[in-house]
Amino acid sequence: MSVAFLFPGQGAQYAGMLHDIKNKWGLATTFEEASEVLNQDVLSLDSSEKLKYNKNVQICLFIAGVAAARSFKNKGYSPDVVGGHSIGAFGAAVASEVLSFKEALLLVKKRGKLMENAYPDGYGMGVVMGLREHQLLSIVNELSTDASPVYVANLNSPDQITISGTLKAIEKVLEKASKKGARKTKMLHVTVPSHCPLMEGVSSELRKTITEVQGKDPSVPFIGNCKARKLWKAADIKEDLAASVALPVRWHDTTEVMYEMGTRLYIEMAPGRVLTDLAAKSFPEARAISAAESTMKTLMILMEKEKCKRINLEVSERS
């Protein structure tokens with residue numbers, strides 16, 4: 001029985017998130033280190049006004065996830081497998097020791113800046129719940145045009161899928177999806193068209209920078225965004241981080257791979273619970289819990305239980 005650490009992506013952010021995490025986990029050093037690397041007080045980035053900017057959102061989410069993961073490490077607890085949704089993958093890369101905190105933070109900053117500069121306005125993302133991929137893809141193909149493109153983006157669950165592109169095209173897809181039986185549709189708090197071909201230029205620029213970072217092979221399995229496969233080499237993980245910005249995140253497949261590896265406890269790092277809800281729905285026999293909404297004592301007890309189950313299973317298999 002194994003434990004997976006999940007690192008959330010955009011949509012999990014809220015005003016005051018870094019302050020809440022600092023107060024809960026008491027890891028002032030993480031925020032001090034981040035402030036030194038960026039040469040600014042990172043605790044000034046989580047205001048409602050500052051979170052209107054994509055770069056700040058990505059930085060805050062990354063710092064939040066790493067701060068939570070470090071709190072476990074300081075208590076002597078480590079995951080058996082890691083994965084992150086979109087920007088969350090950079091937190092997973094730090095947790096698996098592929099990248100240093102400084103290396104990943106500078107990459108996240110560049111990623112956010114490149115994305116903002118590529119599409120400063122008029123673009124974004126939406127989500128459709130209640131339709132399957134082929135149903136939504138049919139609608140997208142019908143309504144997407146060269147002048148106003150829209151694409152199927154992240155496959156969060158079999159019937160929760162995001163779309164990415166121009167705001168006008170997204171609105172048309174959401175409207176038609178509702179008429180075709182979607183349970184719920186809405187625009188997301190994302191100001192750029194992530195995880196679609198519109199971001200290929202950003203992906204190329206990010207790849208140039210990330211290849212200059214040596215990195216290390218992961219200490220625990222890292223499940224990639226693009227193909228939802230176990231990645232054991234630093235070079236493969238760096239490529240996944242660079243390519244993912246222009247490719248769909250196959251998140252459901254990612255968590256399914258974890259389940260097949262024996263994961264029965266999914267812990268979502270701060271600040272969200274979106275990934276918690278997705279895992280709970282997809283894998284009812286497992287336990288999914290949000291670190292942001294739980295106490296460290298509860299989380300450590302749950303991790304200890306999984307450790308005992310694994311030891312008992314290993315003993316039984318040797319008998």
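This is a predicted model: local features need pLDDT of at least 70, side-chain atom pairs count only at pLDDT 80 or more; totals for chains, interfaces and linings use all residues.
## Notebook: a loop proline, a sheet and some helices

I started with Pro271, which I found in the loop between strand 9 (263-268) and helix 11 (274-282). Helices here are DSSP runs of H or I with at least four residues, strands are DSSP runs of E with at least two, and both are numbered from the N terminus. Residues are numbered from 1 along each chain as its sequence is written, and side-chain values use heavy atoms, with hydrogens and water left out.

**Entry 1: Pro271**

Is Pro271 buried or exposed? I looked it up, and Pro271 counts as buried, at 10% relative accessibility. (Buried means under 20% relative accessible area, exposed means over 50%, and partly exposed lies in between, using a 1.4 Å probe and protein chains only.) Leaving out residues up to four places away in sequence, I listed what Pro271 touches: Pro8, Ala12, Tyr14, Met17, Ile21, Leu61, Ala64 and Ala292. Contact means heavy atoms within 4.5 Å. I also checked Thr30, which is 241 residues from Pro271 along the chain; their C-alpha atoms are separated by 15 Å.

Next I traced an open sheet of four strands, in the order 4-5-3-6, with antiparallel pairing. Strand 4 and strand 6 (184-187) are the edge strands, as each pairs on one side only. From one strand to the next, the twist averages 20°. For pairing, DSSP must find at least two bridges between two strands. A reminder from class: strands of a sheet pair through backbone hydrogen bonds, either parallel or antiparallel.

Then I went through the pairs:

- Strand 4 (residues 150-157) runs antiparallel to strand 5, and five bridges join them. The hairpin between strand 4 and strand 5 goes through two residues. Here I found Ser157 opposite Gln160 of strand 5.
- Strand 3 (residues 123-129) pairs with strand 5 in the antiparallel sense, over seven bridges. In this pair, Met125 stands opposite Ser164 in strand 5.
- Strand 3 and strand 6 also run antiparallel, joined by four bridges. Val128 has Thr185 as its bridge partner in strand 6.

Which helix packs on the sheet? I found helix 7 (residues 167-179) there, touching strand 3, strand 4, strand 5 and strand 6. The direction of helix 7 makes about 145° with that of strand 5. (Axes are lines fitted to C-alpha atoms, for helices over the stretch in contact, and angles run from 0 to 180 degrees between N-to-C directions.)

**Entry 2: strand 5 and Gln160**

How many residues of strand 5 are buried? I got seven of the seven, so strand 5 is largely enclosed by the rest of the structure. I zoomed in on Gln160, which is in strand 5 (residues 160-166). Gln160 is buried, with a relative accessible area of 16%. Beyond residues up to four places away in sequence, Gln160 touches Val127, Val128, Met129, Asn154, Leu155 and Leu278.

**Entry 3: helix 5 and its partners**

I turned to helix 5 (residues 101-118), which packs with helix 3 (residues 54-74) at an angle of about 155°, their axes 7 Å apart. Helix 3 and helix 5 are therefore roughly antiparallel to each other. (Angles under 35 degrees count as roughly parallel, over 145 as roughly antiparallel, 65 to 115 as roughly perpendicular, and the rest as oblique.) Helix 3 passes helix 5 in a right-handed crossing. Among the residues that meet, I noted Ile59, Phe62 and Val66 in helix 3, and Leu105, Val108 and Met115 in helix 5.

With helix 2 (residues 28-38), I found that its axis and that of helix 5 come within 10 Å and cross at roughly 55°. Helix 2 and helix 5 are therefore oblique to each other.

**Entry 4: helix 4**

Last, I looked at helix 4 (residues 88-95), where seven of the eight residues are buried, so helix 4 is largely enclosed by the rest of the structure. The buried ones are Gly88, Ala89, Phe90, Gly91, Ala92, Ala93 and Val94. After helix 4 comes Glu97, whose phi is positive, near 65°.

How values were computed:
A crossing is left-handed if the near helix is turned anticlockwise from the far one by less than a right angle, and right-handed if clockwise.
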